[in-house]
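Visitor: Could you take me closely through one part of this model, the packing of its helices, and state the cut-offs behind each term as you go?

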Amino acid sequence: MRTPYVPSRARRILCVYPRYAKSFGTFQYSYPFFGGRVRAFMPPQGLLTVAAYLPESWQVRFVDENARAATTRDFQWADAVFVSGMHIQRAHINDVIARAHAQGRPVAAGGPSPSGCPEYYPDADMLHLGELGDGTDRLLEYLDTHDGRRDTWKFASQNFRAVAGATSIYHAPRWVPALLFTGVIVWQLVAALFFGWAFVSSVMAGRLAWAPIHAAFATALALWAAFMITDEICKQYDTQSSHVSLFTAQLLTLVSLHLLPS
Ligand code: B12
(Lines give C-alpha, C1' and ligand atoms only; values in the text may rest on other atoms or scores of the structure.)
Protein backbone atom coordinates (compact mmCIF):
# COMPACT_ATOMS: atom_id res chain seq x y z
CA MET A 1 0.00 0.00 0.00
CA ARG A 2 1.34 3.41 -1.00
CA THR A 3 0.62 6.78 0.51
CA PRO A 4 -2.17 8.74 -1.18
CA TYR A 5 -0.04 11.88 -0.75
CA VAL A 6 1.20 13.24 -4.09
CA PRO A 7 4.53 15.00 -3.56
CA SER A 8 5.61 18.08 -5.47
CA ARG A 9 9.32 17.39 -5.22
CA ALA A 10 11.75 14.48 -5.42
CA ARG A 11 13.21 13.29 -2.14
CA ARG A 12 15.84 10.80 -1.08
CA ILE A 13 15.02 8.89 2.10
CA LEU A 14 17.61 6.86 3.97
CA CYS A 15 16.01 4.20 6.19
CA VAL A 16 18.40 2.99 8.89
CA TYR A 17 17.51 0.09 11.14
CA PRO A 18 19.92 0.26 14.11
CA ARG A 19 21.79 -2.88 15.06
CA TYR A 20 20.30 -5.09 17.73
CA ALA A 21 21.27 -4.74 21.33
CA LYS A 22 22.31 -8.18 22.50
CA SER A 23 19.36 -9.81 24.24
CA PHE A 24 17.53 -13.10 24.55
CA GLY A 25 15.33 -12.33 21.54
CA THR A 26 18.11 -11.66 19.05
CA PHE A 27 19.44 -15.24 19.12
CA GLN A 28 22.91 -13.97 18.26
CA TYR A 29 24.53 -17.06 19.81
CA SER A 30 23.05 -19.20 17.04
CA TYR A 31 24.51 -17.14 14.14
CA PRO A 32 27.89 -18.94 14.07
CA PHE A 33 26.05 -22.18 13.21
CA PHE A 34 25.32 -20.63 9.79
CA GLY A 35 28.91 -20.06 8.72
CA GLY A 36 28.84 -16.26 9.10
CA ARG A 37 25.94 -15.88 6.61
CA VAL A 38 23.42 -14.90 9.29
CA ARG A 39 23.85 -11.56 11.07
CA ALA A 40 20.28 -10.90 12.23
CA PHE A 41 17.26 -12.96 13.14
CA MET A 42 14.58 -11.26 11.04
CA PRO A 43 14.28 -8.32 8.63
CA PRO A 44 13.08 -5.03 10.16
CA GLN A 45 9.47 -5.29 9.04
CA GLY A 46 8.25 -1.96 10.44
CA LEU A 47 10.78 0.17 8.58
CA LEU A 48 10.44 -1.94 5.42
CA THR A 49 6.68 -1.31 5.53
CA VAL A 50 7.35 2.43 5.80
CA ALA A 51 9.84 2.29 2.91
CA ALA A 52 7.20 0.57 0.73
CA TYR A 53 4.64 3.23 1.72
CA LEU A 54 6.71 6.20 0.49
CA PRO A 55 5.71 8.03 -2.73
CA GLU A 56 6.80 6.11 -5.80
CA SER A 57 8.83 9.04 -7.14
CA TRP A 58 10.99 9.20 -3.98
CA GLN A 59 14.25 7.33 -3.86
CA VAL A 60 14.83 5.02 -0.92
CA ARG A 61 18.05 3.57 0.41
CA PHE A 62 17.71 0.93 3.12
CA VAL A 63 20.45 0.01 5.59
CA ASP A 64 20.02 -2.67 8.26
CA GLU A 65 22.98 -2.00 10.54
CA ASN A 66 23.02 -5.67 11.53
CA ALA A 67 24.33 -6.28 8.01
CA ARG A 68 26.45 -3.14 7.54
CA ALA A 69 26.73 0.27 9.15
CA ALA A 70 25.29 3.32 7.41
CA THR A 71 28.19 5.38 6.09
CA THR A 72 28.77 9.12 6.03
CA ARG A 73 28.09 9.00 2.28
CA ASP A 74 24.72 7.33 2.91
CA PHE A 75 23.75 10.19 5.24
CA GLN A 76 25.05 12.81 2.81
CA TRP A 77 23.03 11.21 -0.01
CA ALA A 78 19.77 11.53 1.93
CA ASP A 79 17.37 14.45 2.24
CA ALA A 80 15.96 12.84 5.39
CA VAL A 81 16.68 9.83 7.55
CA PHE A 82 14.09 7.39 8.94
CA VAL A 83 14.94 5.29 11.97
CA SER A 84 13.00 2.69 13.93
CA GLY A 85 13.60 0.30 16.82
CA MET A 86 12.75 -1.05 20.25
CA HIS A 87 13.56 0.37 23.69
CA ILE A 88 16.54 -1.91 23.99
CA GLN A 89 18.02 -0.25 20.89
CA ARG A 90 17.58 3.21 22.38
CA ALA A 91 21.28 4.05 22.48
CA HIS A 92 21.72 2.82 18.90
CA ILE A 93 18.68 4.81 17.71
CA ASN A 94 20.09 7.96 19.33
CA ASP A 95 23.44 7.17 17.72
CA VAL A 96 21.82 7.03 14.25
CA ILE A 97 20.14 10.39 15.00
CA ALA A 98 23.51 11.87 16.02
CA ARG A 99 25.24 10.59 12.88
CA ALA A 100 22.48 11.99 10.66
CA HIS A 101 22.68 15.34 12.44
CA ALA A 102 26.45 15.39 12.02
CA GLN A 103 25.70 15.58 8.28
CA GLY A 104 22.91 18.11 8.80
CA ARG A 105 20.14 15.65 7.90
CA PRO A 106 16.71 15.70 9.61
CA VAL A 107 15.55 12.48 11.27
CA ALA A 108 12.08 10.97 11.67
CA ALA A 109 11.91 8.31 14.37
CA GLY A 110 9.09 5.77 14.61
CA GLY A 111 8.41 2.18 15.62
CA PRO A 112 7.80 0.49 18.99
CA SER A 113 10.19 2.54 21.11
CA PRO A 114 9.56 6.10 19.79
CA SER A 115 5.82 5.29 19.78
CA GLY A 116 5.87 4.11 23.40
CA CYS A 117 8.35 6.61 24.83
CA PRO A 118 8.85 9.57 22.50
CA GLU A 119 10.64 11.38 25.34
CA TYR A 120 13.59 8.99 24.84
CA TYR A 121 14.36 10.77 21.57
CA PRO A 122 14.51 14.49 22.30
CA ASP A 123 16.95 15.06 19.42
CA ALA A 124 14.73 13.52 16.72
CA ASP A 125 13.42 16.22 14.38
CA MET A 126 10.12 14.37 13.84
CA LEU A 127 8.44 11.67 15.91
CA HIS A 128 5.95 9.23 14.38
CA LEU A 129 3.75 7.59 16.99
CA GLY A 130 1.83 4.38 16.23
CA GLU A 131 0.94 2.66 13.00
CA LEU A 132 1.05 4.10 9.49
CA GLY A 133 -1.88 6.40 8.73
CA ASP A 134 -2.87 10.04 8.43
CA GLY A 135 0.03 11.11 10.60
CA THR A 136 2.46 9.45 8.19
CA ASP A 137 0.97 11.36 5.27
CA ARG A 138 1.41 14.63 7.21
CA LEU A 139 5.03 13.66 7.85
CA LEU A 140 5.60 13.05 4.13
CA GLU A 141 3.94 16.38 3.31
CA TYR A 142 6.25 18.11 5.77
CA LEU A 143 9.33 16.50 4.21
CA ASP A 144 8.08 17.43 0.75
CA THR A 145 7.61 21.09 1.64
CA HIS A 146 10.61 21.68 3.92
CA ASP A 147 14.33 21.42 3.30
CA GLY A 148 16.93 20.28 5.78
CA ARG A 149 16.67 20.77 9.51
CA ARG A 150 15.15 23.67 11.32
CA ASP A 151 17.87 26.12 12.32
CA THR A 152 19.56 24.78 15.39
CA TRP A 153 22.78 25.59 17.05
CA LYS A 154 25.34 23.32 15.42
CA PHE A 155 27.31 21.54 18.11
CA ALA A 156 30.45 20.52 16.26
CA SER A 157 31.69 18.24 19.04
CA GLN A 158 30.52 14.63 18.86
CA ASN A 159 31.56 14.27 22.51
CA PHE A 160 28.38 15.92 23.75
CA ARG A 161 26.37 13.34 21.79
CA ALA A 162 28.38 10.56 23.44
CA VAL A 163 27.66 11.95 26.93
CA ALA A 164 23.97 12.43 26.11
CA GLY A 165 23.75 8.88 24.71
CA ALA A 166 25.44 7.36 27.78
CA THR A 167 23.24 9.21 30.30
CA SER A 168 20.02 8.53 28.35
CA ILE A 169 20.34 4.85 29.36
CA TYR A 170 19.68 5.97 32.97
CA HIS A 171 16.68 8.12 32.03
CA ALA A 172 18.65 11.20 33.09
CA PRO A 173 16.94 14.57 32.53
CA ARG A 174 18.42 16.72 29.74
CA TRP A 175 20.32 19.03 32.09
CA VAL A 176 22.48 16.14 33.35
CA PRO A 177 24.59 15.66 30.16
CA ALA A 178 24.80 19.47 29.79
CA LEU A 179 26.12 19.77 33.36
CA LEU A 180 28.59 16.89 32.89
CA PHE A 181 29.82 18.30 29.59
CA THR A 182 30.30 21.76 31.12
CA GLY A 183 32.20 20.13 33.99
CA VAL A 184 34.55 18.40 31.53
CA ILE A 185 35.23 21.66 29.67
CA VAL A 186 35.95 23.49 32.95
CA TRP A 187 38.21 20.62 34.04
CA GLN A 188 40.14 20.77 30.74
CA LEU A 189 40.39 24.55 31.03
CA VAL A 190 41.89 24.25 34.52
CA ALA A 191 44.39 21.65 33.25
CA ALA A 192 45.34 23.92 30.34
CA LEU A 193 45.88 26.85 32.73
CA PHE A 194 48.09 24.65 34.95
CA PHE A 195 50.15 23.60 31.90
CA GLY A 196 50.52 27.27 30.93
CA TRP A 197 51.57 28.13 34.48
CA ALA A 198 54.08 25.21 34.46
CA PHE A 199 55.55 26.40 31.16
CA VAL A 200 55.91 30.05 32.22
CA SER A 201 57.32 29.11 35.66
CA SER A 202 59.86 26.75 34.08
CA VAL A 203 60.99 29.34 31.52
CA MET A 204 61.32 32.04 34.19
CA ALA A 205 63.22 29.72 36.61
CA GLY A 206 65.44 28.35 33.83
CA ARG A 207 64.68 24.78 35.00
CA LEU A 208 61.64 22.53 35.35
CA ALA A 209 59.23 23.97 37.95
CA TRP A 210 57.97 20.73 39.47
CA ALA A 211 55.11 22.05 41.62
CA PRO A 212 53.05 23.48 38.69
CA ILE A 213 54.11 20.59 36.42
CA HIS A 214 52.76 18.06 38.92
CA ALA A 215 49.58 20.11 39.39
CA ALA A 216 49.03 20.17 35.62
CA PHE A 217 49.64 16.46 35.07
CA ALA A 218 47.61 15.46 38.14
CA THR A 219 44.63 17.47 36.85
CA ALA A 220 44.88 16.11 33.31
CA LEU A 221 45.51 12.48 34.35
CA ALA A 222 42.64 12.58 36.83
CA LEU A 223 40.31 13.63 33.98
CA TRP A 224 41.27 10.65 31.78
CA ALA A 225 41.05 8.33 34.79
CA ALA A 226 37.55 9.66 35.50
CA PHE A 227 36.64 9.03 31.85
CA MET A 228 37.93 5.46 32.01
CA ILE A 229 35.87 4.69 35.13
CA THR A 230 32.81 6.30 33.53
CA ASP A 231 33.37 4.29 30.32
CA GLU A 232 33.18 1.11 32.39
CA ILE A 233 30.07 2.17 34.29
CA CYS A 234 28.21 3.43 31.22
CA LYS A 235 29.48 0.65 28.92
CA GLN A 236 31.00 3.20 26.55
CA TYR A 237 33.60 0.68 25.41
CA ASP A 238 34.02 2.32 21.99
CA THR A 239 35.51 5.47 23.54
CA GLN A 240 37.50 3.67 26.21
CA SER A 241 40.58 2.91 24.10
CA SER A 242 41.19 6.58 23.20
CA HIS A 243 40.90 7.59 26.89
CA VAL A 244 43.37 4.84 27.88
CA SER A 245 45.77 6.02 25.12
CA LEU A 246 45.57 9.65 26.26
CA PHE A 247 46.09 8.67 29.91
CA THR A 248 49.09 6.48 28.99
CA ALA A 249 50.64 9.12 26.72
CA GLN A 250 50.43 11.80 29.42
CA LEU A 251 51.76 9.48 32.11
CA LEU A 252 54.72 8.54 29.87
CA THR A 253 55.37 12.25 29.24
CA LEU A 254 55.50 12.92 32.98
CA VAL A 255 57.80 9.94 33.58
CA SER A 256 60.04 11.10 30.69
CA LEU A 257 60.30 14.58 32.23
CA HIS A 258 61.51 12.99 35.47
CA LEU A 259 64.00 10.76 33.67
CA LEU A 260 65.41 13.49 31.41
CA PRO A 261 68.74 14.92 32.47
CA SER A 262 68.06 18.27 34.14
C1 B12 B 1 9.29 -9.47 15.10
C2 B12 B 1 9.62 -8.99 16.50
C3 B12 B 1 10.94 -9.15 16.90
C4 B12 B 1 12.07 -9.59 15.98
C5 B12 B 1 12.59 -8.28 15.34
C6 B12 B 1 13.09 -8.43 13.95
C7 B12 B 1 13.39 -7.06 13.38
N8 B12 B 1 14.50 -6.96 12.69
O9 B12 B 1 12.64 -6.12 13.52
C10 B12 B 1 13.06 -10.22 17.02
C11 B12 B 1 12.71 -11.67 17.24
C12 B12 B 1 14.55 -10.10 16.64
C13 B12 B 1 12.68 -9.44 18.26
C14 B12 B 1 13.52 -9.32 19.34
C15 B12 B 1 13.19 -8.60 20.48
N16 B12 B 1 12.02 -8.03 20.78
CO17 B12 B 1 10.53 -8.00 19.53
N18 B12 B 1 8.94 -8.02 18.54
C19 B12 B 1 8.63 -8.44 17.34
C20 B12 B 1 7.12 -8.26 17.11
C21 B12 B 1 6.47 -9.63 17.42
C22 B12 B 1 6.71 -7.79 15.74
C23 B12 B 1 7.43 -6.53 15.25
C24 B12 B 1 7.06 -6.29 13.82
O25 B12 B 1 7.82 -6.63 12.93
N26 B12 B 1 5.87 -5.72 13.61
C27 B12 B 1 5.34 -5.46 12.27
C28 B12 B 1 5.71 -4.05 11.82
C29 B12 B 1 5.12 -3.78 10.44
O30 B12 B 1 5.15 -3.14 12.77
P31 B12 B 1 6.01 -2.06 13.60
O32 B12 B 1 7.41 -2.49 13.76
O33 B12 B 1 5.25 -1.70 14.81
O34 B12 B 1 6.01 -0.83 12.59
C35 B12 B 1 4.85 -0.07 12.29
C36 B12 B 1 4.82 1.27 13.02
O37 B12 B 1 5.47 1.22 14.28
C38 B12 B 1 5.44 2.23 12.07
N39 B12 B 1 6.88 2.44 12.09
C40 B12 B 1 7.86 1.59 12.49
N41 B12 B 1 9.06 2.15 12.36
C42 B12 B 1 8.88 3.38 11.83
C43 B12 B 1 9.79 4.37 11.46
C44 B12 B 1 9.32 5.57 10.92
C45 B12 B 1 10.30 6.62 10.52
C46 B12 B 1 7.94 5.76 10.74
C47 B12 B 1 7.46 7.00 10.13
C48 B12 B 1 7.03 4.77 11.13
C49 B12 B 1 7.50 3.59 11.66
O50 B12 B 1 5.12 1.71 10.79
C51 B12 B 1 4.91 0.29 10.83
C52 B12 B 1 3.63 -0.03 10.10
O53 B12 B 1 2.52 0.52 10.75
C54 B12 B 1 6.76 -7.17 18.20
C55 B12 B 1 5.34 -7.24 18.76
C56 B12 B 1 4.35 -6.56 17.85
N57 B12 B 1 3.24 -7.18 17.68
O58 B12 B 1 4.62 -5.46 17.32
C59 B12 B 1 7.80 -7.43 19.27
C60 B12 B 1 8.36 -6.25 20.07
C61 B12 B 1 8.68 -5.15 19.08
N62 B12 B 1 9.60 -6.81 20.64
C63 B12 B 1 9.84 -6.41 21.83
C64 B12 B 1 10.94 -6.81 22.61
C65 B12 B 1 10.93 -6.41 24.07
C66 B12 B 1 11.99 -7.56 22.07
C67 B12 B 1 13.28 -8.02 22.77
C68 B12 B 1 13.91 -7.00 23.70
C69 B12 B 1 12.96 -9.34 23.51
C70 B12 B 1 14.08 -9.82 24.43
N71 B12 B 1 13.82 -9.80 25.72
O72 B12 B 1 15.13 -10.18 23.97
C73 B12 B 1 14.19 -8.33 21.56
C74 B12 B 1 15.04 -7.09 21.19
C75 B12 B 1 15.88 -7.27 19.99
C76 B12 B 1 16.59 -6.00 19.62
N77 B12 B 1 15.93 -5.12 18.94
O78 B12 B 1 17.71 -5.79 19.97
C79 B12 B 1 8.78 -5.43 22.30
C80 B12 B 1 9.35 -4.00 22.19
C81 B12 B 1 8.89 -3.07 23.29
C82 B12 B 1 9.36 -1.66 22.95
N83 B12 B 1 8.44 -0.71 22.97
O84 B12 B 1 10.49 -1.40 22.68
C85 B12 B 1 7.59 -5.75 21.35
C86 B12 B 1 6.65 -4.58 21.05
C87 B12 B 1 6.82 -6.94 22.00
C88 B12 B 1 6.17 -6.51 23.31
N89 B12 B 1 4.91 -6.13 23.29
O90 B12 B 1 6.80 -6.55 24.35
N91 B12 B 1 11.43 -8.94 18.17
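Guide: Helix α6 (residues 159-168) and helix α7 pack at an angle of about 135°, with their axes 9 Å apart; the axes are lines fitted to C-alpha atoms, for helices over the stretch in contact, and the angles run from 0 to 180 degrees between N-to-C directions. This is a predicted model, in which local features need pLDDT of at least 70 and side-chain atom pairs count only at pLDDT 80 or more, while totals for chains, interfaces and linings use all residues. Residues are numbered from 1 along each chain as its sequence is written, and the helices (H or I, at least four residues) and strands (E, at least two) are DSSP runs, numbered from the N terminus.

At that angle α6 and α7 are therefore oblique to each other, given that angles under 35 degrees count as roughly parallel, over 145 as roughly antiparallel, 65 to 115 as roughly perpendicular and the rest as oblique. The crossing of α6 and α7 is right-handed, a term used if the near helix is turned clockwise from the far one by less than a right angle, and left-handed if anticlockwise. On the α6 side the contact is made by Phe160, Val163, Ala164 and Thr167, and on the α7 side by Val176, Pro177, Leu180 and Phe181, where two residues are in contact if their C-beta atoms, placed from the backbone, lie within 7 Å. By class, the residues of this contact of α6 with α7 divide into 7 nonpolar, 1 polar and no charged; Ala, Val, Leu, Ile, Met, Phe, Trp, Tyr, Cys and Pro count as nonpolar, Asp, Glu, Lys and Arg as charged, and the others, Gly among them, as polar.

Helix α7 (residues 175-205) also packs with helix α8 (residues 210-234), here at an angle of about 155° and with the axes 8 Å apart. Helices α7 and α8 are therefore roughly antiparallel to each other, and α7 passes α8 in a left-handed crossing. From α7, the residues Trp187, Gln188, Val190, Ala191, Phe194, Phe195, Trp197, Ala198 and Ser201 meet Pro212, Ile213, Ala215, Ala216, Thr219, Ala220 and Leu223 in α8. The residues of the contact of α7 with α8 comprise 13 nonpolar, 3 polar and no charged.
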